Amino acid sequence: MRSVFISIVRVFFFLLLPCSFTTLAQQDFSVRDNYKKMEVTISMRDGTKLFTSIYLPKDDSQKYPILLNRTPYSVSPYGAEAYRESLGPSSYFPPEKYIFVYQDVRGRLMSEGDFKMMTPFKTEKKSSSDVDESTDTYDTIEWLLKNIPNNNGKVGIWGISYPGFYTAAAVMQAHPAIKAASPQAPMADTFIGDDFHHNGAFFLPHAFNFLASFGKPRTGPTTAFPPRFEHGTPDGYRFFLELGTLGNANKRYFHNEIAIWNEYMKHGNYDEYWQAQNVLPHLKNVKPAIMVVGGWFDSEDLYGPLSIYKTIEKNNPNTYNIIVMGPWVHGGWARTDGDQLGNIHFGTKTSFYYRRDIELAFFNHFLKDKGELKLPEAVVFETGSNQWRSYDHWPPVNVKEKSLYFHEKSRLSFEAPKQTTPAFDEYISDPNKPVPFTAEIRNS
């Protein structure tokens, strides 16, 4: 169980880092040599200023599309002379030459304003004070188009996890310049199926570990991300077992300083608080081309990508909307080779295929009019056979539902049991000695 806790913490800190994913190929490409950096603050319609980092190709002989990433996890490094080591969704993008834009969202890091968790979408904007993530994205793009030289008037937006939510929010009442959007592992509904609840069940280790740092208050714009929570033990199961009731989180550790945690504690049911954060009801009249991406082994946001794709497909039948599902953990397509999960091997580097032949092709086509796009409705990796499958519909048509049955001696079969007398297997469950469920078993 300790190994499981460690993996949760690793994923948690991946989320806290700036979204700068790289591969070996990009190590040979110098961002500093090929791009120049700008740092600006962009005023929103209500006067709030959002900190934005912009990387422009030094080659100004042509016009380039804008590729936008809005994040609550920092656009670091800060400083006009401090450059990111990598740009864009993958190493294939910088040599293609895009205008890469990264923005600290409202209320985070160097941006002004008050941060709201999963900012509820406002269907009606009656005044300049009616703002949400769709308006902030709209106002940002409007400024970029007017002030950034050599842009071709087309914008793409992408993001993984929380930035995936911002990507989905951007296509609601979208700026007409957004031609392509890729919400990747996006949160759709954090009570029903994403992150903090799974089918309404509170995901305690994830919520506690995440909000212990992410939820800390700030006194104003800052370049410093809150330090991580120190558990004092590598044994995650023991830490949360000894925590006791949820009320002890505040008594022992948070001391009522984590406002988001307090909100969660007040809303234990699927009430208006959670319903207002739900993305799905607002995915109507979607104009940009959409590519939703998710991982079959994503323990945080599997509900989000599947539900967002399904909802856009239902509400916007004429919109270009495809889905890609691979054998990945949370964000694995951007930060791993995708050839294995623990001791399970998939026979190929699935992430490389996705980055080059799917992701790059998608954005190049819609933002640069480059290449003939031949992607199917759904590109899905089938584990077991370890093959990529292409489908014209998702879920596939003519699929037959089959039942699996329990049999004696821990067997499963598609054949129904034939014995007439009841059969059973049993095991002892001791909460103080939990059954490990990974290939790693640690005794210390």
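Strands here are DSSP runs of E, at least two residues long, numbered from the N terminus. Keep in mind that this is a predicted model.

**Exercise 1.** Find where P77 sits, and work out which kind of peptide bond joins S76 and P77.

*Solution.* Start with the place: P77 lies in the loop between β3 (64–71) and β4 (99–104). Next, look at the bond: omega is about 5 degrees, and the S76 to P77 peptide bond is cis. Now try another one: W394 to P395 is also a cis bond, with omega near -5 degrees. P395 belongs to the loop between β14 (387–391) and β15 (405–407). For context, most peptide bonds are trans.

**Exercise 2.** Decide whether A185 and H255 are buried or partly exposed.

*Solution.* A185 has 0% relative accessibility, so it counts as buried. H255 has 48%, so it is partly exposed. While you're there, check phi: A185 has a positive value near 45 degrees, and H255 has one of about 50 degrees.

**Exercise 3.** Explain why strand β10 is largely enclosed by the rest of the structure.

*Solution.* Take residues 321–326: six of the six are buried, so the strand is largely enclosed. Then go face by face: N321, I323 and M325 are buried on one side, and I322, V324 and G326 on the other. β9 (residues 289–295) runs parallel to β10, joined by six bridges, and I290 partners N321. β13 (residues 378–382) pairs with β10 in parallel over three bridges, with V324 opposite V379.

Key. Residues are numbered from 1 along each chain as its sequence is written. This is a predicted model: local features need pLDDT of at least 70, side-chain atom pairs count only at pLDDT 80 or more; totals for chains, interfaces and linings use all residues. Side-chain values use heavy atoms; hydrogens and water are left out. Buried means under 20% relative accessible area, exposed over 50%, partly exposed in between (1.4 Å probe, protein chains only). Helices (H or I, at least four residues) and strands (E, at least two) are DSSP runs, numbered from the N terminus. Two strands pair if DSSP finds at least two bridges between them.
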